[in-house]
Amino acid sequence: MVARAQAVTAARWVVLVFFALLCAFPFAWATFTSFKADADLYTVGHVPFLYNLPPTFDHVRVLFQETEFLTFVRNSFEIGVIVVAITLATAVPAAYAIARLTGEWGGRLAMAVFVIYLVPPTLLFLPLSRIVAELGLQDSIWALVLVYPTLTAPFSTWLLVGFFRSIPRDIEEQAMVDGYSRAGAVVRTVLPLALPGLLTVVIFTFALTTNDFVYAVAFISSSSNMTISAGVPVELIRGDVFFWQSLMAATVLVAIPVALAYNFFLDRFVQGLALGGVKG
Amino acid sequence: MAEVEVRDIRKAFGGVPAVDGVNLVCHDGEYLVLLGPSGCGKTTLLRMIAGLEHPTEGDILIGGHSVRGLPPRARKIAMVFQSYALYPHKTVEHNISFPLEAQGMTKEERATRVRWAAGLLGIESLLQRKPRQLSGGERQRVALARALVREPQVFLLDEPLSNLDAKLRASARLELKQFQQRLAASTIYVTHDQVEAMGLGDRIAVLNLGRLQQIGTPDEIYHRPANTFVATFVGSPPMNLVPRDGRLVGFRPENVRLSTDGQRLEGASFACHVIRIENLGSDRYVYLRVKGDEGDTNVIAKLAVAEQLPVKADEDAQLSVEQRHLSYFDQKTGGRIAA
Amino acid sequence: MSEPVAHRTVVFDESPRVHHLLDRENVLGPVMLAPLLVYLVALVGVPLVLVFVYAFSDASTGSPTYSFVGLSTFQRTIADETFRTALRNTIVFTILSQVVVIVLATILGFVMTANFRGKWIVRFLVLLPWTTPIALSALAWLWMLDSLFSPFNWILGQLHVVAEGTPVAWLGENTLAVGSVVALQAWRTMPLAAVILMAGLTSIPPELNEQAAIDGAGFWRRLFDITFPLLTPIMMVAILFGIVATFTDMAAVYILTHGGPGDATQVLASWSFYTGIESGSLADGAAIGVFMFPVLLGVCLLMLRRARRAEVL
C-alpha cells in the first residue's frame, strides 16, 4: 500500500511538472532571453540554453530608458483606473437592482447582460472605430476609456449579482427598519459585505482592459497613446528590427504582476462564477 | 407606545393572495401573537406592518396615523428578524448604536444609550465582539438590544426563538416575556409554535391561508376555538373531532374520561375501542377508535400517569366528556355552532 | 425599570416623503439599471446593428457617407479565396484547439484538486497562459518559434531530426504555422477550462463516489459512470468560454503569423481587421465579421439552455 501511494504521488508530480513546463516554458524562455548579450543571442551555433557570454541588464535598461514602455504602462494604468470607476458606477447599481429589486425579469436581464459579455470586440471594432472618430476621439486614450466598460461592465455585473444574492436580505431590511433609506442601507451594510466581490471586480476590470488588443490597435495610432498590450508588440517591433531581449523583458514584467493579482483573487473569481453561475 | 391597526389588508404575489383581507388591532402595550402554519401569511402581514412589503389593498395605522406609503425608517418600529440579521461586519456595540446613528445622535448620547440597552439585556461584556463570536442566545439578546435602543412605538418579532435549541428556547421565552412586561411596549410576535403563542401572548391571532381565523386570549383560543382549524392547530395532541348527529363534536384529549364499567360523565359519551397506549412519562396517550354511522374516527385521550389506567389495549371501552368541555362545529363550514 | 428619560425625544427623518419616489422598488430598480443599459445599448447594441448595416453597404473609412448596395458586398466576400480560407481556419482552429483543451484541462483539473505541498507555485505557473495578455504571450511564442533561434530547432538539430542549416520554419510553412496557432490557442484557453473544471470537481459530493465504491465500482468505472457525467454541464461552460475566446480572437494570428504564410492562417477576426482597418473597407470588413455571428448565436443559445436547466436543478 505504501509503495502504491508513493507511485501515485510520483505520477502526480510527473503530470504536474509536465503541465508547469508546458504552461510556463515560454515565459521561462523569455526571462532567460532578457539577460542575453546580443553576440550571445544572435550567434547560430551557440547552445541556446546557456549564457555563452555573461548575462547583462543592458536590454532591460534599454526597455525602460530608450523605449516608450513606461508610457504604455502609464497609459494602461490611467485607462484602467478610469474604466474601473465607470465599471463600478454602472455595474454596482445594476447588479443590485437585478439581485434585489426587479424580481423575475431581473433574472432574465442578468442572462441578457451575460450574453452581451459574449459579443466580441472583433465584431464591434469597425462600427466603434467610426463612432470614436465621429466623437473626435481617434488616437486618444479616451476612445479606450469610452469603449472598455462594454467589456468589463457586463462581466462585473454578472459577477456582482451573485455576490449580492449571497448576502441575506434580512441584513439590509434590518437597516431599513433601523432608520435608513434603501440607498443608505446598501451603502452601509451591503457594500461592506460585498467588498470581496468589489475587489474582484476591480482586479478583473484592470486585467480585461490590459488584455485588450483589438480596440487598442484599431483606435490608437501614435505610440505615445498606446497601451501595453498593443504598444509592446506593435511599436517595439520596427520593421524587421526586433529588440528581442527588451521585448521579452517587457512580456515577463507585465505577465508576472498580472498573474500574481489573478492568483490572489482566483478563489473569489471561481466563487463568483459559482454564485453568479450561469443561472442568471 | 402606540396602537397598531390593520384594516382590510390584502397582499397578492403574482395574483396569489398571501394575506387575504385581515382586520386586527394590537392595543397600546399589548403583546399580540400571530400564530399559524408556514405559508399562512403571518410573516407577510408583519412585513407589511414594518413597511418591507406594500399591501395590495387596505391600510395600516400606527398610533392612529396611516403609514401607507411611509418607508420602514419613518414608521418608528423595531423589528427582530428570525435570523437576527446582526450586521456581521460590525461589533456588537456598533450593531446596537447603528439605529441611533440614523437619527443623527451625538457620539456621547449613543454611548449612553448603548450602555443602557446592553445593561438591560446583560450583554455589557460582549460589546467589542463580532456577531460570529456569539452564541445563539447571545445573538438574540444583541438583536433585542438593537431593537429597543431607540425606543420604538412598536416591536415586531419574527419567530425570534426558532433558531435556538429546545433547551435555550424555554428560558429565552421567559426572558422575552419579562422584558416585554418591563417595557410595556406594543409587541407583535410571529410564530408557528403554539407553545410560544400560548405562553407569551396577551392575545393570539390565528391565521390560515391568509385569513384571520380567530383572535382572542390564549384561554379563548384553546377552550373556545372559532372553527375546526383553530381547534386542531392549537393543542398537542389536537382537539378530537367526532361526527355525531350531523355536526362535529370537539373535545380536548385531557378532558376524556375512560371506563369499562359503564360509568360516564354528564355530557357526551361514545363507545370506543382501545388501540394502543403510549407512556410519555408524565402522561399517557391512549389511542382510541370511535365507531360512527359515517365510519370510524380516531381519538386520542391524554391521562396523567399518576391516575390509575382504567383500560387495557385492544379492549372495548366507554369514552365520556363533561358538557362544559364540549365544542360543536358545523360539518360543512367547520365554524363553531351553539350546543 | 428606569427609563432614560433624558433621551426620550426620538428624532426621525422629518421628510420621508421627499425621498418617497426612491423608496419605491419599482422606480428604484429601473433607475439603478438605467446607466448600464444606456451604456450597453449605445456602445454594444448600436454597433452590433451597424455591423449588419455596413455589411449591406459600401462604407469605407475614407468617406463619411455610404449607400446600400444590397448583397453585393457579401457576394464579393464569399467569392474571395482568402475569406474562404479564413472561415475554414476559424472553424478548424477552434475545434482542434478545444479538443486539445478538453483532454488537457480534464487531466490538469484532476491533479490540481488534490492537496499537495507547493500547490500555490504550480497553480501560479499553470495559470500564466490565461492571465497574461494574449498579445504579450503571442510575442513570447513568436520568439520561441523563431526560425533561426528557436530552442526547439536547436534540440531537433542535436537529435539529427533535421539537418543543420535547414531550420524548421515553424511559422513559415503552412501546416506548421496552422499547428502553431492551434497550439497557442489551446495553450492559452486551457488554464481557465481547468479552473472551471476544478470548481465542478469539488462540487461533486464525495458521498456519491463513496457509495459507488461501496457498491463495488472500481476507479475507472466511477470515473466514467459518476464523475464525467456530473462534470459534463460545467465542462460545457468551460468549452463555451474557450470557443468564444478562440473563435473571435485576432491577436494570436495578428502577432504570430500576420495571417501568413500567404494567407494560410488567416481567420475571420484577423481578415476582418486587415480588410476593415488596414485597407479601410468598412463594408467588406463588416461582411467578414458577420460570419462570426451564427456561431456566437449558437453558443449563446446553448448557454441559455444550460442556464434554464440549471435553474430547474
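Domain bounds, as used here, come from an automatic or database domain assignment. The model is predicted, so local features need pLDDT of at least 70 and side-chain atom pairs count only at pLDDT 80 or more, while totals for chains, interfaces and linings use all residues. Residues are numbered from 1 along each chain as its sequence is written, chains are lettered from A in the order in which they are written, and side-chain values use heavy atoms, with hydrogens and water left out.

**Exercise 1. Describe the two domains of chain B and the contact between them.**

Step 1. Domain 1 of chain B covers 4-228 and domain 2 covers 238-337, and their C-alpha centres lie 38 Å apart.

Step 2. The contact (heavy atoms within 4.5 Å) takes 8 residues from domain 1 of chain B and 10 residues from domain 2 of chain B.

Step 3. Between them, these domains bury about 710 Å², with carbon and sulfur atoms giving 50% of that area; buried area is the accessible area (1.4 Å probe) that two parts lose on being put together, summed over both. On the side of domain 1 of chain B, B:Tyr222, B:Pro225 and B:Thr228 supply 65% of the area buried against domain 2, more than any other three residues.

Step 4. Across this interface there are 5 residue pairs in polar contact, both residues being at pLDDT 80 or more. A polar contact is a pair of N or O atoms within 3.5 Å, where within protein one must be able to donate a hydrogen and the other to accept it, and residues adjacent in sequence count only if both atoms are side-chain atoms. Helix α7 (residues 218-223) of chain B gives the largest share of the domain 1 side, 3 residues; helices (H or I, at least four residues) and strands (E, at least two) are DSSP runs, numbered from the N terminus.

**Exercise 2. Characterise the interface of chain A and chain C.**

Step 1. The contact takes 94 residues from chain A and 97 residues from chain C.

Step 2. The two chains bury about 8,400 Å² between them, 82% of it on carbon and sulfur atoms. In chain A, the residues that lose the most area to chain C are A:Leu123, A:Leu126 and A:Arg130, together 8% of what that side buries.

Step 3. The interface of chain A and chain C holds 7 residue pairs in polar contact, both at pLDDT 80 or more. Helix α14 (residues 244-276) of chain A gives the most to the side of chain A that touches chain C, with 17 residues.

**Exercise 3. Locate the backbone features of B:Pro237, B:Asp314 and C:His258.**

Step 1. As background, most residues other than glycine have a negative phi, and most peptide bonds are trans.

Step 2. The peptide bond from B:Ser236 to B:Pro237 is cis, with omega near -5°, and B:Pro237 lies in the loop between α8 (228-233) and β11 (240-244) of chain B.

Step 3. B:Asp314, not a glycine, has a positive phi of about 60° and lies in the loop between β16 (297-304) and β17 (316-322) of chain B. B:Asp314 is exposed, with a relative accessible area of 60%; buried means under 20% relative accessible area, exposed over 50%, and partly exposed in between (1.4 Å probe, protein chains only).

Step 4. C:His258 has a positive phi near 55°, and its place is the loop between α10 (251-256) and α11 (268-278) of chain C. At 49% relative accessibility, C:His258 counts as partly exposed.
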